Amino acid sequence: MDEQIRVQPLGPHEYAAEVDEGQESTHHRVVVRDDVFYGPEFAETSEARLVEETMRFLLERSPNTALPHDIDTGELAERDERYLPELRLRVT
């Protein structure tokens with residue numbers, strides 16, 4: 001299904017992500033943790049792009065209406081071992 005993702009900064013390392021999928025629009029707060037995205041593969045990638053790819057990763061597994069409002073990339077990396085390897089592939 002096609003989805004549209006809009007990412008806007010809220011503050012340092014914090015973003016609003018609006019996801020339109022079908023007839024449903026959802027809003028999420030995403031925290032980007034520096035300790036998660038280290039290494040040369042992430043050096044040139046903006047945090048906004050990391051948020052967008054994080055949302056795409058999550059949307060491949062669940063519809064937008066099933067995603068939590070608050071998403072912490074550190075907690076996601078701890079919960080899902082596929083997350084960081086997948087993000088590395090997406091941004092390189």
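This is a predicted model: local features need pLDDT of at least 70, side-chain atom pairs count only at pLDDT 80 or more; totals for chains, interfaces and linings use all residues.
Reader: Quick one. Is Asp80 buried or exposed?

Author: Asp80 is buried, because its relative accessible area is 12%. Buried means under 20%, exposed over 50%, and partly exposed in between, using a 1.4 Å probe and protein chains only.

Reader: OK. Where does Asp80 lie?

Author: In the loop between helix H3 (73-79) and H4. Helices (H or I, at least four residues) and strands (E, at least two) are DSSP runs, numbered from the N terminus.

Reader: What does Asp80 touch?

Author: Phe57 and Arg61, if you skip residues up to four places away in sequence. A contact means heavy atoms within 4.5 Å.

Reader: And where does Arg61 lie relative to Phe57?

Author: Arg61 lies over the face of Phe57, 3.7 Å from the ring centre. The test is NZ of Lys or CZ of Arg within 6 Å of the ring centre and within 35 degrees of the ring normal.

Reader: New topic. How many aromatic pairs does the whole structure have?

Author: Three. Phe, Tyr and Trp rings (six-membered ring for Trp) pair with centres within 6.5 Å; planes under 30 degrees apart are stacked, over 60 edge-to-face, the rest tilted.

Reader: Why is the pair of Phe37 and Phe42 edge-to-face?

Author: Their planes sit at 80°, with centres 5.1 Å apart, so the pair counts as edge-to-face. Phe37 is buried at 11% relative accessibility, and Phe42 is buried at 4%.

Reader: What about Phe57 and Tyr83?

Author: Their centres are 5.3 Å apart and their planes at 65°, so this pair is edge-to-face. Phe57 is in helix H2 and Tyr83 in helix H4, so to speak distant parts of the chain, 26 residues apart. Both are buried.

Reader: Which residues do ring pairs link into a cluster?

Author: Phe37, Phe42, Phe57 and Tyr83.

Reader: What does Ile71 touch?

Author: Leaving out residues up to four places away, its contacts are His28, Arg29, Val30, Val31, Met55 and Leu58. Met55 in turn touches residues including Ile5, Ala17 and Leu67.

Terms used:
Residues are numbered from 1 along each chain as its sequence is written. Side-chain values use heavy atoms; hydrogens and water are left out.
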